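Hello,

Please find the structure below. My notes on it follow.

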Amino acid sequence: MKPKIQDVANVAGVSPTTVSRVLNNRGYISQQTKDKVFNAMKKINYVPNELARSLYNQRTNLIGLIVPSTSDPFYGELASHIENICAEKGFKVLLCNSFNQSQKEQKYWEMLQKNQVDGVIVITYNRGLVDNELMLPAVAIDHYLSDNVSVVSSDNYDGGNKATRQLLYEGCKNIVHINGPSHLQTPANLRAQAYKDTMKEFNLQPFVYEIPEIISLDERTRIIHLIFSEHPEVDGIFASDDLLAIKVIQEANKLGYNVPDDLKIIGYDGTDLIQSIYSELTTIVQPIFLIAKTSVDLLQRQIIDQSVDKQEIVLPIKVKEGETG
């Protein structure tokens with residue numbers, strides 16, 4: 001028969017109430033009493049009922065995490081850090097890959113609510129996912145989810161500024177920026193704004209090409225070729241992510257451009273994976289671990305005190321100089 005709290009109490013020589021208080025960390029309990037209870041649990045192989053404990057504490061210790069896709073190096077690394085940080089804090093993570101599909105995100109959101117998660121961390125372009133009557137603690141990363149959801153991001157404007165100036169300092173005059181859709185409500189749009197502002201500061205014409213949020217490799221390649229067709233004089237490209245920057249380098253080489261002699265390229269994100277397999281890439285490095293930790297810490301504060309005001313937290317970036325820009 002499966003041992004119960006009463007059995008633990010009998011072996012430990014304490015009351016069932018004391019065992020319950022030890023398991024739920026309620027009130028002051030001496031270390032000696034705690035040791036008796038834990039030793040008794042080990043002796044009779046007692047495993048606490050997590051569901052019962054969560055009902056008692058009115059928490060499930062579950063965190064929902066919605067990301068576009070963990071196959072993307074940035075989102076994969078971010079999700080990994082979030083899961084590890086949550087584990088250290090005693091939370092388990094329910095990971096949901098949405099593939100940028102709004103209907104899928106909505107179903108995940110409803111599923112997470114039904115599973116009574118304590119809170120959700122969301123990376124999505126779907127501003128309509130959550131209305132302004134949000135009853136569940138939530139934090140958005142690099143996206144504006146709704147009017148009352150806190151946002152954590154890196155300093156996108158500084159990143160765009162530094163990337164553009166890096167190319168200018170390297171002697172580039174005809175610089176093109178490839179960005180995501182400008183109609184999306186995301187702090188990442190500040191990268192393009194900084195690029196435009198910096199180009200105008202140097203009395204140079206900015207050129208921005210937008211990549212749709214859901215795009216095939218063939219279409220991405222077509223847009224890159226369009227840039228070279230419309231701007232054969234291009235000598236610098238600032239790409240909005242590292243995978244795109246690498247694709248630009250590959251297509252430029254096919255077209256006869258020499259990187260970095262003819263064309264200098266800077267990416268964005270600076271994940272450990274890309275830096276390990278393509279260390280020569282010059283890129284803007286986001287503080288991915290710090291983004292993850294800040295998001296989890298902020299969500300935990302909301303779970304404990306749901307009256308915490310909405311915040312927008314911006315974290316510093318840095319330039320990783322390589323051979324491409």
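A charge counts as sitting over a ring if NZ of Lys or CZ of Arg is within 6 Å of the ring centre and within 35 degrees of the ring normal. By that rule, arginine 191 lies over the face of tyrosine 268, at 3.7 Å from the ring centre.

On conventions: this is a predicted model, in which local features need pLDDT of at least 70 and side-chain atom pairs count only at pLDDT 80 or more, while totals for chains, interfaces and linings use all residues. Residues are numbered from 1 along each chain as its sequence is written, and side-chain values use heavy atoms, with hydrogens and water left out.

Tyrosine 268 also takes part in an aromatic pair with phenylalanine 238. Rings of Phe, Tyr and Trp (its six-membered ring) pair if their centres lie within 6.5 Å; planes under 30 degrees apart are stacked, over 60 edge-to-face, and the rest tilted. Here the centres are 6.2 Å apart and the planes at 35°, so the pair is tilted. It links distant parts of the chain, with phenylalanine 238 in strand S8 (residues 236–239) and tyrosine 268 in strand S9 (residues 264–269), 30 residues apart. Strands (E, at least two residues) and helices (H or I, at least four) are DSSP runs numbered from the N terminus. Phenylalanine 238 is buried at 0% relative accessibility, and tyrosine 268 is buried at 0%; buried means under 20% relative accessible area, exposed over 50%, and partly exposed in between (1.4 Å probe, protein chains only).

The structure holds three aromatic pairs. Another of them joins phenylalanine 74 and tyrosine 75 edge-to-face, 5.5 Å centre to centre with 65° between the planes. Phenylalanine 74 is buried at 8%, and tyrosine 75 is buried at 15%.

Valine 151 is found in strand S5 (residues 150–154) and is buried, with a relative accessible area of 1%. Beyond its neighbours within four places in sequence, valine 151 has contacts (heavy atoms within 4.5 Å) that include Tyr144, Pro187 and Ile313.

For the chain as a whole, the secondary structure comes to 12 helices and 12 strands. Of the 325 residues, 49% count as buried. The C-alpha atoms fill a box of roughly 85 × 40 × 35 Å along the principal axes.

Regards
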